Amino acid sequence: MRYALVFIFIIVFPLTITAQEFIEKPPVHTDFETSTGLSVYGARYPVGVNGEVSKNFYINYQVSRRLHLQLQHFYDKFGTHERTNSSFLLKYHMNRKLYLFAGPEIEYDINQVTGEAEIIRTNLNVGMGYKVNPNVLIELGYHRNMSEPQKEYYSIRNVQNAFSLRARF
């Protein structure tokens, strides 16, 4: 009996502990910056329990000291639907940390079963952001819906005006 217990404690427990994989992993960030004022940021989050996928991507170009152009792209997959959201923003920096932004945004829904891609909405975004430090960003935005969706998507009704609070860290 002693040998069986020693075998279990020495061999079996360490094998089961090292064989386990954590479900939650930290997101994979990609940062890239050049001397020409071009910077790229991307993040891919771990696959969720039901196969949900979430990714985002930013390309920022500094036109002048205060004016920046930014292309944003978000991708989410859940169930049989994929949602992709792209926006083009003009950012005007009031000071080093505070900025204003404005620009168009378009959101598509792709049904993996039928292969159809439909525009959910087209927005005009306006808002302000505050960079707390290089790793923390807070944005408050106002979204004005410019399109008329033909159906309701995931409890999204024909909302004309919406506010958002977003943080990145």
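Reply: Here is a short chat about this structure. It is a predicted model, where local features need pLDDT of at least 70, side-chain atom pairs count only at pLDDT 80 or more, and totals for chains, interfaces and linings use all residues. Residues are numbered from 1 along each chain as its sequence is written, and side-chain values use heavy atoms, with hydrogens and water left out.

Me: OK, where does Tyr-108 sit?

Reply: Tyr-108 is in strand E6, residues 98-111. Strands here are DSSP runs of at least two residues, numbered from the N terminus.

Me: Is Tyr-108 buried, exposed or partly exposed?

Reply: Tyr-108 counts as partly exposed because its relative accessibility is 31%. The scheme calls under 20% relative accessible area buried, over 50% exposed, and in between partly exposed (1.4 Å probe, protein chains only).

Me: And which residues is Tyr-108 in contact with, leaving aside neighbours within four places in sequence?

Reply: Glu-82, Arg-83, Thr-84, Glu-118, Ile-119 and Ile-120. Contact means heavy atoms within 4.5 Å. For Ile-119, which is 11 residues along the chain from Tyr-108, the C-alpha atoms of the two are separated by 4.5 Å.

Me: What about Arg-83, buried or exposed?

Reply: Buried, because Arg-83 has 13% relative accessibility. Arg-83 lies in strand E5, residues 81-93, and its side chain makes a polar contact with the side chain of Glu-107 at 3.3 Å. A polar contact is a pair of N or O atoms within 3.5 Å; within protein, one must be able to donate a hydrogen and the other to accept it, and residues adjacent in sequence count only if both atoms are side-chain atoms.

Me: Switching topic: how many cavities of 30 Å³ or more are there?

Reply: One. On a 1 Å grid over the protein atoms alone, a cavity is a set of points where a 1.4 Å probe fits but cannot get out, and lining residues have an atom within 4 Å of a point. The points are joined across faces, edges and corners, and a volume is the space filled by probe spheres set on them.

Me: How much space lies in the largest cavity, and what lines it?

Reply: About 60 Å³. The lining includes Tyr-58, Gln-70, Lys-91 and Arg-166. E9 gives the largest share, three residues.

Me: How does that lining divide by residue type?

Reply: Three nonpolar, two polar and four charged. Ala, Val, Leu, Ile, Met, Phe, Trp, Tyr, Cys and Pro count as nonpolar, Asp, Glu, Lys and Arg as charged, and the others, Gly among them, as polar.

Technical notes:
Helices (H or I, at least four residues) and strands (E, at least two) are DSSP runs, numbered from the N terminus. On a 1 Å grid over the protein atoms alone, a cavity is a set of points where a 1.4 Å probe fits but cannot get out, and a pocket is an open set with protein on both sides within 12 Å along at least five of seven lines; lining residues have an atom within 4 Å of a point.
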